[in-house]
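Biologist: I've got the fold open on my screen and would like to go through it with you. Can we start with the strands and work outwards?

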Amino acid sequence: MGLTRKVTVVNELGLHARSAVKLAGIAKAARGGVWVLSAAERADATSVMEVLTLACEKGTTLTLAVDDPKDAPVLDALVGLVERGFEE
């Protein structure tokens, strides 16, 4: 993985379907792979279903990662989305 950032899920409902759709929408703008890691599990950030399998509740620490360093703006946008509670 090229770049990573750690974030904490802050919204009350955690990472649920609506927030996973927002996350995947941003991730799809990347040129390379985009990943969400929680504990020992990894999900393709462009896949709503894969992200939902992580079952992230409020307080979960996630690692967001991009394979291509040129996707740093996508990583920044994902970090911002999580930090803002998925704008909910």
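Biologist: Let's go. Which residue in β3 is the bridge partner of V36?

Modeller: Keep in mind that this is a predicted model. β2 and β3 (residues 41-44) pair in the antiparallel sense, over 4 bridges. V36 sits in that pairing, and its bridge partner in β3 is A43.

Biologist: And in β4, what does V36 pair with?

Modeller: β2 is also joined to β4, by 4 bridges, and the two run antiparallel. On that side L37 stands opposite T63. For V36, the bridge partner in β4 is L64.

Biologist: In what order do the strands of the sheet come?

Modeller: β2 pairs with β4 through 4 bridges and with β3 through 4 bridges as well. The sheet is open, with 4 strands and antiparallel pairing. Neighbouring strands are turned by 25° against each other on average, ignoring direction. Reading across, the order is β1-β4-β2-β3.

Biologist: Which strands are at the edges?

Modeller: Look at the ends of the order β1-β4-β2-β3. An edge strand here pairs on one side only. That gives β1 and β3.

Biologist: Which residue in the turn between β2 and β3 has a positive phi?

Modeller: The two strands form a hairpin, with 2 residues between them. The phi in question is about 55°. It belongs to A39.

Biologist: How many residues of β2 are buried?

Modeller: Buried means under 20% relative accessible area. In a regular strand the side chains alternate between the two faces of the sheet. In β2, V34, V36 and S38 are buried on one side, and W35 and L37 are buried on the other, so both faces are covered. The strand is largely enclosed by the rest of the structure, and the count is 5 of the 5 residues.

Biologist: On to the helices. Which strand does α3 run at about 5° to?

Modeller: α3 lies across β1, β2 and β4. The strand it runs at about 5° to is β1.

Biologist: How do α1 and α3 pack, roughly parallel or roughly antiparallel?

Modeller: Their axes are 9 Å apart, and the angle is about 165°. Angles over 145 degrees count as roughly antiparallel. So α1 and α3 are roughly antiparallel.

Biologist: Which residues of α3 meet α1, and what is the handedness of the crossing?

Modeller: From α1, the residues involved are K22, L23, I26 and A27. They meet V74, A77, L78, L81 and V82 in α3. As for how α1 passes α3, the crossing is right-handed.

Biologist: How far apart in space are M49 and A77?

Modeller: M49 is found in helix α2 and counts as exposed, at 61% relative accessibility. A77 is one of the α3 residues that meet α1. The two are 28 residues apart in sequence, and C-alpha to C-alpha the gap is 20 Å.

Biologist: Now charges. Which residue forms a salt bridge with K58?

Modeller: Side chains of opposite charge can pair when their charged atoms come close. The structure holds 4 salt bridges. In this one, the closest N and O atoms are 2.5 Å apart, and K58 is partly exposed at 44% relative accessible area. The partner is E12.

Biologist: How many residues apart are K58 and E12?

Modeller: K58 is in the loop between α2 and β4, whereas E12 is in the loop between β1 and α1. E12 is exposed, with a relative accessible area of 63%. The pair links distant parts of the chain, 46 residues apart.

Biologist: What does R18 form a salt bridge with?

Modeller: R18 is in helix α1, and its partner is in the segment after α3, 70 residues apart. The closest N and O atoms are 3.2 Å apart.

Biologist: What about E87, which residue is it bridged to?

Modeller: The closest N and O atoms of this salt bridge are 2.8 Å apart.

Biologist: Last one: is H16 buried or exposed?

Modeller: H16 is found in the loop between β1 and α1. Leaving out residues up to four places away in sequence, H16 touches N11, L52 and E88. The relative accessibility of H16 is 17%, so H16 counts as buried.

Terms used. Residues are numbered from 1 along each chain as its sequence is written. This is a predicted model: local features need pLDDT of at least 70, side-chain atom pairs count only at pLDDT 80 or more; totals for chains, interfaces and linings use all residues. Side-chain values use heavy atoms; hydrogens and water are left out. A salt bridge is a side-chain nitrogen of Lys or Arg within 4 Å of a carboxyl oxygen of Asp or Glu. Buried means under 20% relative accessible area, exposed over 50%, partly exposed in between (1.4 Å probe, protein chains only). Two strands pair if DSSP finds at least two bridges between them. Axes are lines fitted to C-alpha atoms, for helices over the stretch in contact, and angles run from 0 to 180 degrees between N-to-C directions. Angles under 35 degrees count as roughly parallel, over 145 as roughly antiparallel, 65 to 115 as roughly perpendicular and the rest as oblique. A crossing is left-handed if the near helix is turned anticlockwise from the far one by less than a right angle, and right-handed if clockwise. Contact means heavy atoms within 4.5 Å.
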